[in-house]
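Colleague: Please take a close look at the sheet. I would like the strand order, the packing and the pocket beside it in one connected answer.

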Amino acid sequence: WLTDLAKAQEKAKAEKKLVLLDFTGSDWCPPCKNLHKTVLISKEFTAFAKNNLVPVEVDFPQSKPQSAALKAANEKLSERFKVEGYPTVIVLDSQGKEIFREVGYGGTSAKDYVAKLAKLKK
């Protein structure tokens, strides 16, 4: 997982992949933790991501240390994409255009989540 969107977009362009942004409160937000545990570290997701996605974590932790630069960069991304709740998952095409957005996590299985993302590739 990258934390730098510009680098992620370069990589996505070069490798013809999509950029997946995960706006999360990794250490305090229950739905974020569930999404991470159920989907983002699952075999299905990691296998799909390897060939199709450049994942970017945009984290807003309460107790995990973060550099001031990363905090500021994440804050900017949150404003740019008008994120209003966590988790928010946004998928960009290789040109940086938003093609998918989902706020919250309702317990979708990794398999179904990947199927939803796979449709974006077409």
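Modeller: Two strands pair if DSSP finds at least two bridges between them. Helices (H or I, at least four residues) and strands (E, at least two) are DSSP runs, numbered from the N terminus. The model is predicted: local features need pLDDT of at least 70, side-chain atom pairs count only at pLDDT 80 or more, and totals for chains, interfaces and linings use all residues. Residue numbers start from 1 along each chain as its sequence is written, and side-chain values use heavy atoms, without hydrogens and water.

The sheet is open, with four strands in the order S2-S1-S3-S4 and mixed pairing. S2 (53-59) and S4 (98-103) are the edge strands; each has a single partner, so one side of each lacks a neighbour in the sheet. Neighbouring strands are turned by 15° on average, direction ignored. Axes here are lines fitted to C-alpha atoms, for helices over the stretch in contact, and angles run from 0 to 180 degrees between N-to-C directions.

S1 (residues 18-24) and S3 (residues 88-92) run antiparallel, joined by five bridges. Valine 19 faces leucine 92 in S3. Helix H3 (residues 43-52) packs on the sheet and touches S1 and S2, where contact means heavy atoms within 4.5 Å. The H3 direction makes about 110° with that of S2. Helix H5 (residues 110-121) also packs on the sheet, touching S1, S2, S3 and S4, at about 160° to the direction of S4.

H3 and S2 each supply at least two residues to the lining of the largest pocket. The largest share, four residues, comes from H3.
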